[in-house]
Structures are given as C-alpha cells and as structure tokens.
Amino acid sequence: MKKNNKILVSVIVPVYNVQDYIEKCLDSLINQTLEQLEVIVIDDGSTDKTGLIVDEYQNKYKSKIKVIHKKNEGVSIARNVGLEKATGEYIGFLDSDDWVNYDMYEKLYKLAIKDNCDIVACDTLAIYPDKKVLIESHINETSTTEDLMLNAYAVIWNKIYKREIIDRIKFKEKMNFCEDVQFLYMVYPKIKKIGVIHETLHNYLQRVGSLTYTYNEKLYQLIDSLDDIVNYYKEQGFYQKYYAELEYSYVRYLYATFIKRLAKTKNKVEFDRGVNFVLDKVNNNFPNYKKNKYIKKINGKSLYLKYFNKFLAKMVFNFEKNRLN
C-alpha cells in the first residue's frame, strides 16, 4: 500500500521471558507488506534475555517498533498499556510466541477499509510438534452478536479492531487466563459490520506445558471472567436481549471448557472441589438453563450440557487421566 505518515494498524505484543520465540514473532511483523504499521512491545518485567532482544529490534527498526519496559504485572495490564500508546486506525494483538504471515495485516486492513468493518478476522494454523491443524474463525460477513457469542473462535489475535469500538474497553487487571474471552464479549455488542478472510494468516504455536493444555489454579479466572461478562451486560442494558446466549455461554464454558481443563489435574480432591463449585455457580446464576433454546437442541454437545452431573464429570476425569498416562 502507498506509504504515508498515518499509522493504519497498531499491533500490541506483550512479552515475558520468551527469548526463544520473540525474534520469529517480531520478524513476522517488521516484514509486513502493510508499511504503515506500528509494533508496540510491552516487556512485562522479563528476567531472561527478552528485554535485550526487543531493545535490539527497536534500535534497528526505530520507525516501526516501540518498546515499553515495565514491572511484571501480567498480560492484561501489559495489553492495556499498549492500548494507551497505540495510534493506529485499527488495533491488533499478537502473542509473543506466535507469528503471522507477511501479508496478514494488509489483507485485514484492506477489507476493513473497503467494507467499513468494525472487526476483520482470519483463520489460524495451530502448530504442533508433529502436525498442523486449521482453526477456522467461525465468523462470516453476516454474523450477528448472537452468532459471535455462540460460535466465534474466542481469541483476540486473529483479528483487527476499529479503534473507536474498543476505545473504552480494557482488559481486566490481574486477569491472565481467558482475559480475551471477557474482552471479546464486551466488544461483540458494539460490532455493526464484520469482515472475514478465509485464509490461515495467523500461526499459533502449541507449547508443551502452556496454560491452555495443563491444569493451573488460574483456570478459576475463567469463572471470574464469566461473572464479569454477565455483570457488564446488565450494566450496559444488554442482559435481557442476549440472555439466552449469555446463559448458554456461561454453561458451556463451565461444564465443557472449565471441566476439560480441570480434568488435567492429577488431584481427584481438587477436581471434585472444582466440579462442585461450577455446579453451584451454574445453578445459582442460571437455575433454569436446561430450558435454554440452544441446550434443548438434540446434539451431542447440548445433551452433555443438559445432563451434566458428577458422574459425567468423573467420566471426563478418567478419560483425561488415561489419555495422559
């Protein structure tokens, strides 16, 4: 695209102790075909060589990379710092161990401008040690807020966002797990126009031992996020309009996502405690969820959600236990 002084896309990259990955990430950004792009790197108190590496990139690419060093406070605060510094017309996020195709942001931005989109999404390629797996965005040009709540791949880094629709939305401080789910659910009702590129432009490294695939007590932050989402919709006047989708999402994330991750613990007492906790949360917040129009549909997922109990939870635990052994 023709070069001018206006920043079209700002990409926010929080980093913490990723010396083995950050160069590949930054190389994919400095070589973007979209020239009017700024990269904002927030070093969240790294103790390895990450800080030195990102400083070297800033010195070499002064016009493109801004580095901010700060004390360690977590990824949410780091992203919020990046949002304060970003000047782009559109905003993107990238995790420090992932990388993007060289033409990703040009393609996303061109479509955003062409159709005046609030967000534009693409597909992702999950990179495992022994395979690559396509992860579709599950978004299309006619997706409604309801569709996004029910079906969209709830991650922030395969999209760009028009700055004006996220200006007043921040990541919850001290939230370092599923913070992107909360962010997206706050954005969804504000979206009027969506763009989609059905190409795998983002590469998602699957690291052994990451929070996504292991048990960690931070998993309970997912519950905090869901409670915050419900409260946000009430405060903004969206609660009744999207009640069915909120109810379904709450149940799905707790009985499916949460339980599956919780089952990766080897501690049966901890697992049982978590099961009792989510059963109480769902029954207290959405006691009539079994009547939800999406849960009443006849398919494997809805039947699992409708009839979830301690016995089904035990089956999930034993499956994960046998799979991991």
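## A loop residue to start with

Asn17 sits in the loop that runs between β1 and α1 (22–30). Helices and strands here are DSSP runs, numbered from the N terminus: helices are H or I with at least four residues, strands are E with at least two. Although Asn17 is not a glycine, its phi is positive, at about 50°. Asn17 counts as partly exposed, because its relative accessibility is 26%. On this scale buried means under 20% relative accessible area, exposed means over 50%, and partly exposed lies in between (1.4 Å probe, protein chains only).

Before going further, a word on the model: it is predicted, so local features need pLDDT of at least 70 and side-chain atom pairs count only at pLDDT 80 or more, while totals for chains, interfaces and linings use all residues. Residues are numbered from 1 along each chain as its sequence is written, and side-chain values use heavy atoms, with hydrogens and water left out.

Asn116 is found in the loop between α4 (104–115) and β6 (119–127), and its phi is near 50°, a positive value in a residue other than glycine. Asn116 is exposed, because its relative accessible area is 51%.

## The covered helix α3

How many of the eleven residues of helix α3 (residues 75–85) are buried? Eight of them are, and the helix is mostly covered. The buried residues are Ser76, Ile77, Ala78, Arg79, Asn80, Val81, Gly82 and Leu83.

What covers these residues includes strands β1 (9–15), β2 (37–44), β3 (65–70) and β4 (90–93), along with helices α6 (163–166) and α7 (179–187). Contact, here and below, means heavy atoms within 4.5 Å.

Helix α10 (residues 268–285) has 18 residues and reaches 26 Å from its first C-alpha to its last, close to the 26 Å expected at 1.5 Å a residue. That expected span is 1.5 Å times one less than the number of residues.

The buried residues of α10 are Glu270, Phe271, Gly274, Val275, Val278, Leu279, Lys281 and Val282. Val278, Leu279 and Val282 are among the residues touched by Tyr255, as are Tyr289, Tyr304, Leu305 and Phe308, leaving out residues up to four places away in sequence. Tyr255 itself is found in helix α9 (residues 243–262), and it is buried, with a relative accessible area of 0%. From Tyr255 to Leu312 there are 57 residues in sequence and 9.9 Å in space, C-alpha to C-alpha.

## Salt bridges

A salt bridge is a side-chain nitrogen of Lys or Arg within 4 Å of a carboxyl oxygen of Asp or Glu, and by this rule the count comes to 17. In one of them, the side chains of Asp227 and Lys281 meet at 2.7 Å, N to O.

Lys6 forms a salt bridge with Glu89, the closest N and O atoms being 3.4 Å apart. Here too distant parts of the chain are linked: Lys6 is in the segment before β1 and Glu89 in the loop between α3 and β4, 83 residues apart. Lys6 is partly exposed at 47% relative accessibility, and Glu89 is partly exposed at 25% relative accessible area. Elsewhere, Asp44, Lys70 and Glu73 are linked in a network of salt bridges.

## Two glutamines

Gln206 lies in the loop between β9 (194–205) and α8 (221–236). Gln206 is buried, because its relative accessible area is 8%. A polar atom of the Gln206 side chain lies 3.0 Å from the backbone oxygen of Tyr204.

Gln221 is found in helix α8 and counts as buried, at 14% relative accessibility. Apart from neighbours within four places in sequence, Gln221 is in contact with Lys174, Met175, Asn176 and Phe177.

Key. A polar contact is a pair of N or O atoms within 3.5 Å; within protein, one must be able to donate a hydrogen and the other to accept it, and residues adjacent in sequence count only if both atoms are side-chain atoms.
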